Amino acid sequence: MKRQIIDLVGDKIQDLDVFVDDVFVSVEEGKKILNIVLDSSITIDLDLITEASRRINKLIDKNQILDDDIYEVDIYSKEKGDD
């Protein structure tokens, strides 16, 4: 799913100067969550993460790429200093 999401959204958020750094599924309180981690050479502020999230969610919904057992999508920025 990681490659599929990167291919799907990569060029749609490129103009925001952000890119998908990682995609993984986690389980919290019995719910599967699709985590999409964004990174950039610039500081990702709240407005930027909001716009990127809006675009990514729209593409995920339009292309129906989520498994039926994934209940939530969490999009956030990579912590600076993380490798």
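This is a predicted model: local features need pLDDT of at least 70, side-chain atom pairs count only at pLDDT 80 or more; totals for chains, interfaces and linings use all residues.
I started at Ser40, whose side chain reaches the backbone oxygen of Asp17 at 2.4 Å. I count a polar contact as a pair of N or O atoms within 3.5 Å; within protein, one must be able to donate a hydrogen and the other to accept it, and residues adjacent in sequence count only if both atoms are side-chain atoms. Residues are numbered from 1 along each chain as its sequence is written, and side-chain values use heavy atoms, with hydrogens and water left out.

Ser40 sits in the loop between strand E2 (31–39) and helix H2 (46–63); helices (H or I, at least four residues) and strands (E, at least two) are DSSP runs, numbered from the N terminus. Is Ser40 buried or exposed? Its relative accessibility is 6%, so Ser40 counts as buried (buried is under 20% relative accessible area, exposed over 50%, partly exposed in between, with a 1.4 Å probe and protein chains only).

Next I walked along H2. At its start, a side-chain oxygen of Asp45 comes within 3.3 Å of the backbone nitrogen of Asp47. Just after H2, Gln64 has a positive phi of about 45°.

Which residues of H2 are buried? I noted Leu48, Ile49, Ala52, Ser53, Ile56, Leu59 and Ile60. Down the helix axis they fall within an arc of 135°, so they line one face of H2; the arc is that of the directions from the helix axis to the C-beta atoms. Leu46, Asp47, Lys58, Asp61 and Lys62 are exposed on the other side. The cover over the buried residues includes helix H1 (2–13), E2 and strand E3 (70–77).

Then I looked up the largest nonpolar core, which has 22 residues. Such a core is a set of buried Ala, Val, Leu, Ile, Met, Phe, Trp, Tyr and Cys residues joined through side-chain atoms within 4.5 Å. Val9, Ile13, Val20, Ile36, Leu38 and Ile56 have the most contacts inside this core. H2 gives the largest share of the core, six residues.

Last, I checked the whole chain. It has two helices and three strands, in the order α-β-β-α-β along the sequence. Buried residues make up 36% of its 83 residues.

How values were computed. Contact means heavy atoms within 4.5 Å.
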